[in-house]
Amino acid sequence: MAQPTPISPSTSRAQGQLFPGPSPRHRTPRAGMVSSSPVPRRDAHDASRGRYSHISTDAFSDDFYNAASRHRSPWATLAAAPMGLYKTSVTRFGRRRGPALLCFCCLALILTSFAFHSRFVSSRRSWPLVGGASTVVFGREQLRKIWEWEILSGHYPSTRPIPTEIGFTTPPSNPALPSSAAFKYPTAPEGGIVTYTVGTGAERIYPEVKNRAPEEFGHPPRPIPGSIADLDIILENCDFSTGKYVRDCHEFLRLGAGLDSHARLRREDLEFLRYIYVLDGEGDHITRRDENTTASLDSPPEKRASTDWEHDLPLPSHSQYGSANRQSSPCAEDNPRIFHMFWAGPFTDKPYMAMMAFLFTQNVGLHLDNPASETNVCRPQLWLWVSRGPADALPSPTAHEEMLEELRNNPWASPFLHPRFKGIIEFHLWNTTEQLDSVEELKDDWRRLGDKLLKSQDADVKKEAQKQVGSSIALDGKTKETHETYNKLPVILSDLVRFVLCHRYGGVYLDVDMLFLRDWEELWGWPGAFSYRWSHEDRYNTAVLRLRRGSALGTFLLRTALRNGFDFHPSTVSRYLKEAHMERLLYRVPDALFDPAWLNTDLKKARPWSSVEYFQRDRPAQPFFTDFDNFFNTPPEMSGAPSVVGFDGFFRGAFLYHYHNEWWKPFDAARFWPDLGPRFAESEKMGREAVANKSTAFPVGIIPHDKRDLDWATVLKRTFEAYIRGERPNMYGEWIRF
């Protein structure tokens, strides 16, 4: 028998396609066949493998299977994770229980994420299902009654639609909106819901303000007496949630009010910048609203799950709004021009600066020997309400005199007791008992709250009460006090104070950490209530609050708070208004008007899904602050501007600047006293002695000379003081007269 021909490697590769399997060199030769390859020597390891010692272990290596996974992208690994979890659950718990348990864990993760979002990210700042009950305490009829009262009283000059949930079937007459032949009366089917009002007021005339020549070149003219700022137009040009920049908003506000008339830099048609109007004539008008009057009546606001329900809403007769009332007196009886502020603790440079900015910008008549000679001007006043601590509830009979004595002996307060400022700035003692007993909506119920009278979301009132009231200002900048450690009890009390004062007296409440930047004439003209937006969040910041005296909106807010734990925190008030569909009665003004730096500084909560609201730093307003500390300690790279551009270059166009609590930082560390000249020498002497008496903790002359570059806070303080000394005019070119 002939011997078979050995298979060569090339032949083996050629046959590999027809005969899959191990390579021929790994096969065991058949009987009768002679291998041409020598048999390898078997070592001890191979001997232990027995009959399989001649087979290579390379075929069982996991390199082939794991090579791809080692080079897999993170996204591919993440995409494979769900299938891996599913297989693991099936392997460990079975085909039925495994997937069920996996679904339960996924649902728990989603609910936990939602809970943390509600507590720490959303505007509600509360755990879901914890304190999440409806805050509404009025039924639909009562809410409609509030809306109707405000509209008939002329407190709704806006063209924004009324919420359909209120359920008007006939449009109410609105004396705060003008008549116009351009709009026709929209017909509504019987029983249909209307969201518009019938304007019956005077026509609006939008004058070209830039043509008004200022009395002194280089300074803008005072606003036209009785002029009104159209907040609807301002919202269209300043609402950052629609992509508007604060910088552009400020230019719009400047040019439309004539604040840059002396510069004459813009040469294009500026018709679209007109947002200030005056009233002329009477008539009938249907406002430009959504004319789809067939809207269905939505479900009424969800009531509180409680028997504590408001069954009746006593309201006074609505205010008479008409041309006769406007012409009889420049100051309306239900709209006094009072700025309210509240202060607790030792009087420092913070309320001092608020009052100085008020005198520098508002039309209080300090440039006239007899301010009463201008009969067409309504002069504003500033009332500072002073809290003297726990004694506010039951003050002694001599508490008012004691307060005045403390003010006379305080260097920062004593200048405003000068006779020249009488009737312009007033100090009032805050008395909690007397104030609450004087408010019809509260007097019979507030005592039932007991020690829970003060409430502000999750704030620990008892813990705050143990802290010292007031902040110690560190001239050397070395202080341990922060936004987290300072006593917030006065802040909690002020949340209540602002609503009580505005409802009882009318006017505008402002936090003390705000500085006036321009005349408020046009804002006083707006007959409705307003506050402003809380930075990037969809809620109110009541640091600015305007309410009409004895209004239905004020009654709604006080009674709703009373039935919800007497909580007046801005977030809680936002809930009251939103859940009862009352938000449009309290106009939410863009914060560019009152808090121009907030959108640039409040970047700690940037989120990918809301990045549209975090674009202000691309084209920031002037000056560019990335932190509120920049106002008191201006960084070197931007510290050349304050001394050069001065007050005129500080958020020009805005009405206020809000520096957010920085109570422990001095405005002017080198001259930490009222620098008002010889007429107020006694106040300056007390201020200098107060600094010298701190020599044990602060060496005399900590800052013996000015900084090389003055900070913004210092420049504004010295600007206001130069005006009182008679060394320069105010922002409108007017010189003070004593």
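This is a predicted model: local features need pLDDT of at least 70, side-chain atom pairs count only at pLDDT 80 or more; totals for chains, interfaces and linings use all residues.
Contact, in what follows, means heavy atoms within 4.5 Å.

The glutamine is Q616, in the loop between α18 (598-601) and α19 (629-632). Is Q616 buried or exposed? Its relative accessible area is 3%, and the cut-off for buried is under 20%, so Q616 counts as buried. Setting aside neighbours within four places in sequence, Q616 is in contact with F240, K244, Y245, V246, L599 and N600. For V246 there is a further detail: its backbone nitrogen lies 3.0 Å from a polar atom of the Q616 side chain.

In general, nonpolar side chains in soluble globular proteins tend to be buried together. The largest core here has 104 residues, and the members touching the most others are W520, F594 and F631. Helix α10 (residues 349-361) supplies nine residues, the largest share of this core.

To go back to F594: which residues does it contact, leaving aside neighbours within four places in sequence? They are M514, W520, L523, F530, Y532, V544, V589, F655, L656, Y657 and H658.

Now the sheet. Seven strands make an open sheet with mixed pairing, and their order is β9-β8-β7-β10-β13-β12-β14. β9 (425-429) and β14 (586-589) are the edge strands; each has a single partner strand, so one side of each has no neighbour in the sheet. From one strand to the next, the twist averages 25 degrees. Helix α11 (residues 399-408) packs on this sheet and touches β8 (381-387) and β9, with its direction at about 135 degrees to that of β9.

Last, helix α6, residues 140-152. How many residues does α6 have, and how far does it reach? It has 13 residues and spans 18 Å from its first C-alpha to its last, close to the 18 Å expected at 1.5 Å a residue. Its buried residues are R140, Q142, L143, R144, I146, W147, W149, E150 and I151. Among the elements covering them are β1 (173-178) and α16 (552-562). After α6 comes G154, with a positive phi near 80 degrees.

Note on methods:
Residues are numbered from 1 along each chain as its sequence is written. Side-chain values use heavy atoms; hydrogens and water are left out. Helices (H or I, at least four residues) and strands (E, at least two) are DSSP runs, numbered from the N terminus. The expected span of a helix is 1.5 Å times one less than its number of residues. Buried means under 20% relative accessible area, exposed over 50%, partly exposed in between (1.4 Å probe, protein chains only). A nonpolar core is a set of buried Ala, Val, Leu, Ile, Met, Phe, Trp, Tyr and Cys residues joined through side-chain atoms within 4.5 Å. A polar contact is a pair of N or O atoms within 3.5 Å; within protein, one must be able to donate a hydrogen and the other to accept it, and residues adjacent in sequence count only if both atoms are side-chain atoms. Two strands pair if DSSP finds at least two bridges between them. Axes are lines fitted to C-alpha atoms, for helices over the stretch in contact, and angles run from 0 to 180 degrees between N-to-C directions.
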